[in-house]
Amino acid sequence: MCQHLSASVSLSGTATRVLRTSAQATRKVTSVQMEDTKNQRVLLALDFDHTIIDNNSDTYIYKLAPNHKIPDDLKLLYRKDNWTHYMGEVFKFLHENGVTKEKIFNCLKEIRLTDGMKELLTGVPSDLTEFIIISDGNSVFIDHILKCCGVRDLFSKVFTNPAQFDENGCLHIQMYHLQDWCTLSTKNLCKGEILANYIKERENDNVTFSTIAYVGDGTNDFCPSLRLKECDVVFPRCGYNLLNYIPKMEAEKGMKIEADVCPWDSGKDVLERLLLCYDEANVLQVPKPRLKPPIQKL
């Protein structure tokens, strides 16, 4: 009897230890899950010209040139793959014709955000969202316009061609990088590579993204869009090149975007679709690797 009782007590003690260990393990898993959720966010990556703003900031300052026109011989310098060099010559021309830093900044103040963009940037949960810009513009223009529009502090990073005024007031621009690995991009800016590097950097900080939303308008926004996965969203702007380029590249090159493709007219369209991603954030498993690999060189 006592032997049986002793055995029962021993068994009960073993069961208690098992239950305690199991409970500790459950608490540990739950803790990890909560920590993962805490560090899980939505990434909103946006182009700048004709996306965040309803203009091309580079060409907007053409109005400052004599007779509000860039000379034809200067326009002949433009090539599809040398935008930064061309704009550098434009800035030099404007400087030689008396266009000061102050005049440029006053001109840029006229530019407004695209319809609904302020609502988008302020309408998503700020503590669950990271905002970045990937643009083939330049750092001086983008920074100034964002400050004038009161949204600069929302963006954690701005990836673009670096620019600065010299001591004489002439604006100089440099290429963001020089790349030869992506034929979908210009030589000075592969947006897909920039996006991938940012995600890798944030993973090193123990931050992952349940959804990546990419908002753009041009063909150079196709590369980052192609890298996204099914849990992500691509927003091509209606009436601009990216929207038609997506089906064209799928039909002609077999390059199919896996992410949900949602055309937009207003930033409010993006906001309406994007808010759904926060409801799904706790049930979606973050894919690994987070992005599709870059395409092989064509």
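1. Is Tyr-86 buried or exposed? Tyr-86 counts as buried, at 3% relative accessibility. Here buried means under 20% relative accessible area, exposed over 50%, and partly exposed in between, with a 1.4 Å probe and protein chains only.

2. The model is predicted: local features need pLDDT of at least 70, side-chain atom pairs count only at pLDDT 80 or more, and totals for chains, interfaces and linings use all residues. Residues are numbered from 1 along each chain as its sequence is written, and side-chain values use heavy atoms, with hydrogens and water left out.

3. The structure holds 9 aromatic pairs. One of them joins Tyr-78 and Tyr-86 edge-to-face, at 5.5 Å centre to centre and 65° between the planes. Rings of Phe, Tyr and Trp (its six-membered ring) pair if their centres lie within 6.5 Å; planes under 30 degrees apart count as stacked, over 60 as edge-to-face and the rest as tilted. Tyr-78 is partly exposed, at 38% relative accessibility. Ring pairs link Tyr-78, Trp-83 and Tyr-86 into a cluster.

4. Phe-159 and Tyr-198 also pair edge-to-face, because their ring centres are 6.0 Å apart and their planes are at 75°. This pair links distant parts of the chain, 39 residues apart: Phe-159 is in strand 3 (residues 155–161) and Tyr-198 in helix 8 (residues 191–204). Helices (H or I, at least four residues) and strands (E, at least two) are DSSP runs, numbered from the N terminus. Phe-159 is buried at 11% relative accessible area, and Tyr-198 is buried at 3%.

5. Gly-218 sits in the loop between strand 6 (208–216) and helix 9 (222–226). Its relative accessible area is 12%, so Gly-218 is buried. Gly-218 and Arg-237 are 19 residues apart in sequence, and their C-alpha atoms are 8.5 Å apart in space.

6. Some backbone angles deserve a look. Most residues other than glycine have a negative phi, and most peptide bonds are trans. Asn-67 has a positive phi, near 60°, and so does His-68, also near 60°. Asn-67 lies in the loop between helix 2 (57–60) and helix 3 (72–75), and His-68 is in the loop between helix 2 and helix 3. Asn-67 is exposed at 68% relative accessible area; His-68 is exposed at 59%.

7. The peptide bond from Lys-288 to Pro-289 is cis, with omega near -5°. Pro-289 is found in the segment after helix 11.

8. Glu-272 lies in helix 11, which spans residues 267–280. Glu-272 is exposed, with a relative accessible area of 60%.
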